[in-house]
Amino acid sequence: MNLQSGTYYWPTTFPDAPSYPALKEDTSCDVLIIGGGSSGAQCAYYLADANVDVALIEKSTIGSGSTSTNTALLQYSGEKMFTHLVNTFGEDYTVRHLQLLKEAINEIEEASKKVAIDCEFNRRDTLYAASCAEDVESLNKEYQFLKQHNCELSFLTKEEIEAKYPFSRDAAIYSYNDAEINPFRFTHALLDYAARKGTRLYENTEMNGYHYDEERGKIIVSTKTGCSIQARFVIFAAGYEGMEIKKEKKASYVSTYTVTTHPVDDLSQWYNRTLIWETARPYLFMRTTRDNRIIIGGLDDNTTYPEDRDSKLIHRKKKLVEEFNKMFPDMKVEPAYYLAAFYGGISDGIPMIGQYEEYPNSYFLFGFGDNGTVYSQLLSKLIVKEIVEGNCPDLALYLQDRPLLNKGKHS
Ligand SMILES: Cc1cc2nc3c(=O)[nH]c(=O)nc-3n(C[C@H](O)[C@H](O)[C@H](O)COP(=O)(O)OP(=O)(O)OC[C@H]3O[C@@H](n4cnc5c(N)ncnc54)[C@H](O)[C@@H]3O)c2cc1C
């Protein structure tokens with residue numbers, strides 16, 4: 001899949017990132033992870049402490065997929081409001097999902113403290129603004145729901161927003177304790193942590209075949225380097241390219257765009273360097289970086305053709321900067337990096353773990369959606385618990401057929 005094009009900021013923050021060899025001989029392991037992006041790294045991180053023999057193969061280099069285009073706002077609120085998820089999944093189900101999301105952000109923080117490589121993790125508050133007056137009511141309902149379920153947040157009026165920011169909106173949810181990270185360094189950090197604990201990592205090693213040997217109860221994966229890997233379990237963490245290995249009807253993708261500016265001298269107008277987004281769909285979002293750049297993203301387009309996606313990049317780059325300037329008219333920004341990328345989602349609004357008859361003992365990690373990094377942290381933990389302990393009740397919340405739907409309680 002032609003995932004993305006343009007220029008990428010995150011890899012420039014880690015020019016001396018570790019590299020790993022290609023697989024040159026047949027091997028075996030307990031758990032094989034396919035994909036060396038943040039999702040594969042999150043799985044490897046949890047498995048590293050579980051005393052199992054783990055190998056990971058990456059067809060290109062670590063973090064070179066969507067991980068290098070990820071804007072890495074770490075939030076529990078996503079494209080579909082929780083009040084809407086309740087309509088589909090019911091209250092208990094949705095509340096458990098919310099709890100697990102909050103835990104996942106805490107787990108990312110804990111991981112970033114444990115590893116040897118600095119992941120540029122920072123706690124940040126979020127401004128979730130009403131894009132128009134008509135959205136104030138639904139935003140207020142969302143606020144009430146989140147407040148009732150122990151989220152730390154406030155509801156800001158127009159005057160309160162104007163007192164904090166150089167722009168105006170009719171209302172906003174101001175939530176505390178979301179976060180941001182450098183996803184490229186995070187991925188390397190987790191894999192470095194796992195490698196130190198014995199996980200074998202192979203770059204430039206693409207899976208090109210999968211076979212289940214029923215007699216021996218083993219999966220045999222073949223690679224383009226001409227080798228085979230025997231494994232008891234396989235985790236497919238191939239990002240949006242996982243859809244090419246196994247088509248999943250609830251998963252789809254669109255095109256999106258981001259700009260990363262040159263560092264700016266003065267961020268004092270940006271209240272608390274909050275993560276900023278809005279109720280419009282598609283939405284505009286922005287954050288700052290460790291070295292005082294601004295990342296602006298959005299202006300999604302429904303096209304799934306790479307040529308079409310890329311032909312709009314120059315126009316979208318200009319438009320993203322214009323949109324930013326409408327909000328911060330006194331801040332002069334110059335694009336340094338800009339990109340077009342495919343961006344996956346799950347139609348019912350919560351991420352998914354695929355388990356399929358033709359792939360025994362295997363898990364497809366489809367952590368798709370705007371909070372992909374948080375979703376993948378959550379799903380990785382559940383998959384690893386299921387593999388290592390043989391039982392993880394929360395896993396059923398995310399299985400592709402949503403087996404707990406309409407059954408009242410989640411467990
Ligand atoms: C523009 C953009 C902005 C985003 N912003 C946010 C955000 O603000 N917050 C957030 O939480 N999420 C965000 N996301 C989502 C986030 O980027 C993804 O959830 C995350 O990067 C997914 O990581 P991954 O490891 O699943 O996928 P990838 O990073 O794509 O990694 C998958 C890896 O698998 C490898 N692979 C594929 N097939 C094979 C094979 N056959 N054999 C071996 N290896 C294989 C690929 O080479 C790739 O390196 C954003 C996504 C995009 C595109």
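Leu 284 is buried in this predicted model, because 21 other C-beta atoms lie within 10 Å of its own and the cut-off for burial is 20 or more. The residue sits in the loop that runs between β13 (275–278) and β14 (285–288). A cis peptide bond links Arg 281 to Pro 282, and its omega is about -5 degrees.

What about the backbone elsewhere? Two asparagines have a positive phi although neither is a glycine. For Asn 177 the value is about 70 degrees, and for Asn 272 it is about 55 degrees. Asn 177 belongs to strand β7 (residues 171–180), whereas Asn 272 is in the loop between β12 and β13. Their surroundings can be set side by side too. Asn 177 has 16 other C-beta atoms within 10 Å, so it counts as partly exposed. Asn 272 has 12 of them within 10 Å, and is therefore exposed, as 12 or fewer is the cut-off for that class.Strand β7 also contains Ala 172. This alanine is buried, since 29 other C-beta atoms lie within 10 Å. Ala 172 and Thr 261 are 89 residues apart in sequence, and their C-alpha atoms are 26 Å apart in space.

Ile 220 is part of strand β10 (residues 218–223). With 16 other C-beta atoms within 10 Å, Ile 220 comes out as partly exposed, because that count falls between the cut-offs of 12 and 20. Ile 220 and Gly 209 are 11 residues apart in sequence and 8.1 Å apart in space, C-alpha to C-alpha. Then there is Asp 330, in the loop between α9 (313–327) and β16. Asp 330 has 8 C-beta neighbours inside 10 Å, so this residue counts as exposed. From Asp 330 to Glu 25 it is 305 residues in sequence and 59 Å in space, taken C-alpha to C-alpha.

Helix α1 is next. In general, an α-helix has 3.6 residues a turn, so residues three or four places apart point the same way.

One packing partner of α1 is helix α6 (residues 183–196). The two helices pack at an angle of about 30 degrees, and their axes are 8 Å apart. That makes α1 roughly parallel to α6, because angles under 35 degrees count that way. The crossing of α1 and α6 is left-handed.

α1 turns up again around the ligand, where it is among the elements that give two or more residues to the shell. There are 38 residues around the ligand, and those that come nearest are Gly 35, Gly 37, Gly 65, Gly 239 and Gly 372. Besides α1, the elements that give two or more residues to the shell are β4 (73–74), β12 (251–261), β16 (335–346) and α10 (372–389). Which of them gives the largest share? That is α10, with four residues.

By class, the shell has 23 polar residues, 11 nonpolar ones and four charged ones.

Terms used: Residues numbered from 1 in each chain as written. Predicted model: local features only at pLDDT ≥ 70, side-chain atom pairs only at ≥ 80, totals over all residues. Near = placed C-beta within 6 Å. Nonpolar A, V, L, I, M, F, W, Y, C, P; charged D, E, K, R; others polar. Axes fitted to C-alpha atoms, helices over the stretch in contact; angles between N-to-C directions. Parallel < 35°, antiparallel > 145°, perpendicular 65-115°, else oblique. Left-handed = near helix turned anticlockwise from the far one by under 90°.
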